[in-house]
Amino acid sequence: MKLLRQFLIILLLSLVGEGLHTLLPLPVPASVYGLVLMLLCLCTGILRLDQVERASDFLIEIMPVMFVPAAVGLTESWEQLRGVLVPMLVIMVLTTVLVMVVTGHVTQFVMKWREKHD
């Protein structure tokens with residue numbers, strides 16, 4: 001029953017994110033609204049981590065399975081993708097490296113900042 005309640009909390013925040021996406025004229029995906037709402041609820045203490053942790057861990061564990069339909073869709077669109085394959089691969093590699101570098105620098109900055117303030 002606890003796991004079901006945790007899923008319902010996550011779904012409720014996702015639903016509110018969908019509502020915000022419908023109401024606000026911003027080019028922000030509904031899932032981002034839901035994630036920001038979850039972050040705000042956790043940071044303000046409206047939600048405690050233990051109220052959503054088990055369901056969140058489960059969803060993270062099964063995340064690779066969620067990419068299977070997208071991969072199948074790509075194989076069905078192979079003819080359209082063939083012409084832009086090289087530019088797409090270059091963009092994917094460059095953005096992956098960029099994300100890794102930025103994440104590393106931000107993590108180092110936060111760790112140093114915490115050392116100074118602790």
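1. Let's start with Q6, which lies in helix α1. (Helices here are DSSP runs of H or I with at least four residues, strands are E runs of at least two, and both are numbered from the N terminus.) At 2% relative accessibility, Q6 counts as buried, because buried means under 20% relative accessible area, while exposed means over 50% and partly exposed is in between (1.4 Å probe, protein chains only).

2. Before you go on, a word on what you're looking at. This is a predicted model, where local features need pLDDT of at least 70 and side-chain atom pairs count only at pLDDT 80 or more, while totals for chains, interfaces and linings use all residues. Residues are numbered from 1 along each chain as its sequence is written, and side-chain values use heavy atoms, with hydrogens and water left out.

3. Who does Q6 meet? Leaving out residues up to four places away in sequence, Q6 touches D50, Q51, V52, E53, R54 and A55. (Contact means heavy atoms within 4.5 Å.) Now look from the other end: with that sequence limit again, A55 touches L3, Q6, F7 and I10.

4. Next, α1 as a whole. At 1.5 Å a residue, its 22 residues should span 32 Å, and the end C-alpha atoms are 32 Å apart, which agrees. (The expected span is 1.5 Å times one less than the number of residues in the helix.)

5. Which residues of α1 are buried? They are Q6, I10, L13 and G17. These residues cover an arc of only 60° around the axis, which puts them on the same side of α1. (The arc is that of the directions from the helix axis to the C-beta atoms.) The buried residues of α1 pack against α2 and α3, the latter being 53-61.

6. The face turned away from the buried side carries the exposed residues R5, L11, L12, L15, T22 and L23.

7. On to the largest nonpolar core, which has 8 residues in all: I10, L13, L37, M38, C41, L47, V52 and A55. (A nonpolar core is a set of buried Ala, Val, Leu, Ile, Met, Phe, Trp, Tyr and Cys residues joined through side-chain atoms within 4.5 Å.) Both α1 (2-23) and α2 (30-44) supply at least two residues each. The biggest giver to this core is α2, with 3 residues.

8. Of the 14 residues that line it, I10, S14, G34, L35 and M38 are the closest to its centre. (On a 1 Å grid over the protein atoms alone, a pocket is an open set of points with protein on both sides within 12 Å along at least five of seven lines, a cavity is a set of points where a 1.4 Å probe fits but cannot get out, and lining residues have an atom within 4 Å of a point.

9. Helices α1, α2 and α3 each supply at least two lining residues.

10. Take a closer look at S14, found in helix α1. S14 is partly exposed, with a relative accessible area of 35%. The C-alpha atoms of S14 and G34 are separated by 4.7 Å, though these residues are 20 residues apart along the chain.

11. E18 lies in helix α1 too, and is partly exposed with a relative accessible area of 45%.

12. Finally, the ends. M1 lies in the segment before α1 and counts as exposed at 79% relative accessibility. H117 is found in helix α7 (residues 85-117) and is exposed, with a relative accessible area of 53%. H117 and G83 are 34 residues apart in sequence and 52 Å apart in space, C-alpha to C-alpha.
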